[in-house]
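Please read the points in order, with the sequence and the model at hand.

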Amino acid sequence: MKKGPVDRSEGGGEEFAAAEEAEEEEEEWASSGKLYEAYNELHGLAQEFETPFEAPAVLVVGHQTDGKSALVEALMGFQFNHVGGGTKTRRPITLHMKYNPTCELPRCRLVSDADPAIAHFKSLAEIQAYIEAENMRLESDPCQFSEKEIIIKIEYKYCPNLTIIDTPGLIIPAPGRKNRILQSLQGQARAVEALVRAKMQHKEFIILCLEDCSDWSNATTRRIVMQIDPELSRTVIVSTKLDTKIPQFARSSDVEVFLKPPVCMLDGCLLGDSPFFTSVPSGRVGSGHEAVYRSNEEFKKAISLRELEDIASLEEKLGRSLSKEERSRIGVSSLRLFLEELLQERYLESVPLIIPLLEKEFRSTTRKLREVNQELSNLDEVKLKEKGRAFHDSLLTKLSLLLKGTVVAPPDKFGETLQDERTNGGTFIGADSFQFPHKMMPNAGMRLYGGAQYHRAMAEFRIVVGGVKCPPITREEIVNACGVEDIHDGTNYSRTACVIAVAKARDTFEPFLHQLGFRLLYILKRLLPISVYLLQKDGEYLSGHEVFLRRVEIAFNKFAEATERACRDKCMEDLVSTTRYVTWSLHNKNRAGLRQFLDSFSGTEHSSNGNSTCLGGLQESSFGSNDNKHERLKTDSKPNHGTQGVDSNSCSPLVETRLVDLLDSTLWNRRLAPSSERIVYALVHQIFHGIKEHFLVSTELKSSGGCL
């Protein structure tokens, strides 16, 4: 409908001025409402996506029964919270309040915990029931409290444009033996304080510090607030329950100090220059018999009436009228106006800071979206296979480079000393539980990886296994190994020595084989993260393909384990074959040592030269059957100057006698004589030494060929 001309004469001018003023107020409300709505959205996004920017908000901090929740309700103009003695707030409650003159009743939306983008319309009774249910749930929970906020968006004609966060009340358990139950809540008190401290860390928040005291020297809540905000530069102090404190003052000077405390008493330069003083009338809104107010309108009128009564009581105590500045600090309405103006000022101040952050976040999100779109466009089977093949070739190249040796990867990040390697990959320990000191090993203190680390591990294996001695042999083991032959009841000490030697060797060397496999598998698996680092450094890494890379990691670990298992099985098969059948050409390589031992043994048994000479021929015929016959003939053809006076015919009876004695003590007699024990001992050591030499060589060759 087209508006007609406005009559400016007489009363028409006043109507025109009033219309203009109303239109300006409406435009101002619309602009401030849009600004506030934008900051509400910004605050919600910051909570949802954990972005680095925060919108200004008012954080209410106080102890239990300081009247935090009641003050928040008075600032909003209606009741909704779970209010009463004890702990009634167990989750922070964020209230996004927006002034809307068209809302005759509060219009509330509860933001979903599962999806912050969804907000459900709820009545005041439903919101109150939800908060009470959450408090009861957390009361029985071991944690007792939760940092996750309950977010409520509210529009109301009596609401200020504010974002207020109500926190759980701080707890101070009373001392003394009678209060042991309260003292047991120390853990709960620390949890609440940690939660409130974390909220106060946000520099954008204005801290509303509540104090329920008539003496400003008692800094109960300020003590905790000043640990985060030492100068109180972003803190507003509010003295609650003013109506209960006024009767406590006997002199007007006490009231003067209470209303305008000295700067030194507050220990800082707080917002607003001086504290605010509020009173909230008791009683709940409802239709029940316990309700004091039938509607929120009555509640608001009671708040306004309480302010007038407080001012009158103060003026009566002071004996004078309050100044305009003093009145601006009394009552909930004064505090609400101050907070609204302060928050709007902070909004405007933070715009130049938030816009660059938003632009940076926008650029980052745009870049990520572009990368996602690029990846989506590359989701072609041929392209993906080509990428996989290229990554496969690059990974194999890096693995080969690490085994051959490189200095590209930093040793301080990827290298390991021998001590670290032993801790993570196991140690070489024999049956005697002896462990070589790591300082005795080559390159023990150097941080190695790849082929160098493998070479050090094999060198340690050679040193440890090469130093293994044959386990001790008992007389019982020798007797048990003799047994009974299937064709005669004599003893075969050659077989006895073989049985003992192969059993000792198998039990000694098999654990070393498993320890070596575990150590080399650990070194092999370490190559993958180092190769990934080299790929990232050369720009050959596949970013955005986490699933594929996890598959590669799983496949590599399976390949490493299968390779180690196959290599260990081959080494085990070789060890079993070596300890199953004794071949003297392999197991008795050091026949010269055995001959020297037997020579010394025979020398102790026979002191005469003639006897030694004759027994020497016996030994040569008995234990030298595998020597080269040509060498023996050359030795026999040489003149023996030491036996020129001895007739060969005279030696023959002695040789036969000694042979009979030897057979009697070793073959026909089952009583273990010292001579038989020493012969078995010498044979076992020689066979064990031969098995050890073959085990070391074959294991090293198979480990190098199988693992590398």
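1. Gln453, Tyr454, Ala457, Met458, Glu460, Phe461, Val464 and Val465 of helix H16 meet Phe509, Phe512, Leu516, Arg519, Leu520, Tyr522 and Ile523 of helix H18; contact here means heavy atoms within 4.5 Å. These residues divide into 12 nonpolar, one polar and two charged. In this division Ala, Val, Leu, Ile, Met, Phe, Trp, Tyr, Cys and Pro count as nonpolar, Asp, Glu, Lys and Arg as charged, and the others, Gly among them, as polar.

2. The model is a predicted one, in which local features need pLDDT of at least 70 and side-chain atom pairs count only at pLDDT 80 or more, whereas totals for chains, interfaces and linings use all residues. Residues are numbered from 1 along each chain as its sequence is written, and side-chain values use heavy atoms, with hydrogens and water left out.

3. H16 (residues 451-466) and H18 pack at an angle of about 170 degrees, and their axes lie 10 Å apart. H16 is therefore roughly antiparallel to H18; angles over 145 degrees count as roughly antiparallel, under 35 as roughly parallel, 65 to 115 as roughly perpendicular and the rest as oblique. Axes are lines fitted to C-alpha atoms, for helices over the stretch in contact, and angles run from 0 to 180 degrees between N-to-C directions.

4. Leaving aside neighbours within four places in sequence, the residues in contact with Arg519 include Leu418, Arg422, Phe428, Ala457 and Glu460.

5. H18 also packs with H19, at an angle of about 15 degrees and with axes 5 Å apart, so H18 is roughly parallel to H19. Ile523, Leu524 and Lys525 of H18 make this contact with Leu527, Leu528 and Pro529 of H19. Five of the residues are nonpolar, none is polar and one is charged.

6. H19 (residues 527-537) packs with H13 (residues 381-404) as well, at about 115 degrees and with axes 9 Å apart. H13 is therefore roughly perpendicular to H19. Among the residues of the contact are Phe391, Leu395 and Lys398 of H13 and Ile530, Ser531 and Leu534 of H19. The contact comprises 10 nonpolar residues, two polar and one charged.

7. Gly405 lies in the loop between H13 and helix H14 (411-414). With a relative accessible area of 45%, Gly405 is partly exposed. Its C-alpha atom is separated by 6.9 Å from that of Ala452, 47 residues apart along the chain.

8. For the chain as a whole, there are 26 helices and nine strands; helices (H or I, at least four residues) and strands (E, at least two) are DSSP runs, numbered from the N terminus. Of its 708 residues, 41% count as buried.

Key
Buried < 20%, exposed > 50% of the residue type's maximum accessible area, 1.4 Å probe, protein only.
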